[in-house]
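Subject: Structure handover

Hello,

Here is the structure I promised to pass on. Please open it alongside this note. My findings follow below.

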Amino acid sequence: MTKVDYVLNQPQTRPHHCHWPGCNRQVPPAMWGCRVHWFKLPKTIRDKIWKTFRPGQEKDWTPSAAYVEAAKEAQDWIAAHTCPMPIKRIPSKSIVNFVRTGKELEIGRITLRKLKDGSIWMENAAGEGMQVAVEKLELPLWRFFDENF
Ligand SMILES: [Zn+2]
């Protein structure tokens, strides 16, 4: 049996959720995460997890050091490339003077503005916002700012 066949045919033998932070979707223990989140990882990291996964490690709890390293790399990548939503930390009034130039980008109910120091101000419809480093944005947003500002 190939590794692909093995992984795709593993049942949900115990509660085990997707490893993407905040995702509670149940996936078989032989899988890293749900389909949506798995494919959000860069291919290089997916390849590392895939290569180092040994069928059965999820049953005898003995992943290799290489697998643990790959899984950690995935978590580090997620932390560095996702935006800490929902935004509730800083009242927007506190940075009014900070925003002097720049266009705005509206995505759904979230408004993004590039600040002078290059970071991004995100604000929701209720006027709550927070300042984030551009690297914390989801990649497509990050690219938008690179290309348009
Ligand atoms: Zn997920």
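Start with strand β4, residues 120–123. Ile120 and Met122 point one way from β4. Trp121 and Glu123 point the other way. All four of these residues are buried. Bear in mind that this is a predicted model.

Next, look at the partner of β4. Strand β5 covers residues 128–132 and runs antiparallel to β4. Four bridges join the two strands.

Now turn to the helices. Helix α3 spans residues 43–52, and helix α5 spans residues 65–81. They pack at an angle of about 155°, with their axes 8 Å apart. Because angles over 145 degrees count as roughly antiparallel, α3 is roughly antiparallel to α5. Their crossing is left-handed.

Which residues of α3 meet α5? They are Ile45, Lys48, Ile49 and Thr52. On the α5 side, the contact takes in Ala66, Tyr67, Ala70, Ala71, Glu73, Ala74 and Trp77. By class, the contact of α3 with α5 has eight nonpolar residues, one polar and two charged.

Finally, the chain as a whole. It holds six helices and five strands. From the N terminus on, the order is α-α-α-α-α-β-β-β-β-β-α. The chain has 149 residues, and 12% of them count as buried. Take the contacts between residues at least 6 apart in sequence: 35% of these join residues at least 24 apart.

Best wishes

Technical notes
Residues numbered from 1 in each chain as written. Predicted model: local features only at pLDDT ≥ 70, side-chain atom pairs only at ≥ 80, totals over all residues. Buried ≥ 20, exposed ≤ 12 C-beta atoms within 10 Å, placed from the backbone. Pairing = 2+ DSSP bridges. Axes fitted to C-alpha atoms, helices over the stretch in contact; angles between N-to-C directions. Parallel < 35°, antiparallel > 145°, perpendicular 65-115°, else oblique. Left-handed = near helix turned anticlockwise from the far one by under 90°. Contact = placed C-beta atoms within 7 Å. Nonpolar A, V, L, I, M, F, W, Y, C, P; charged D, E, K, R; others polar.
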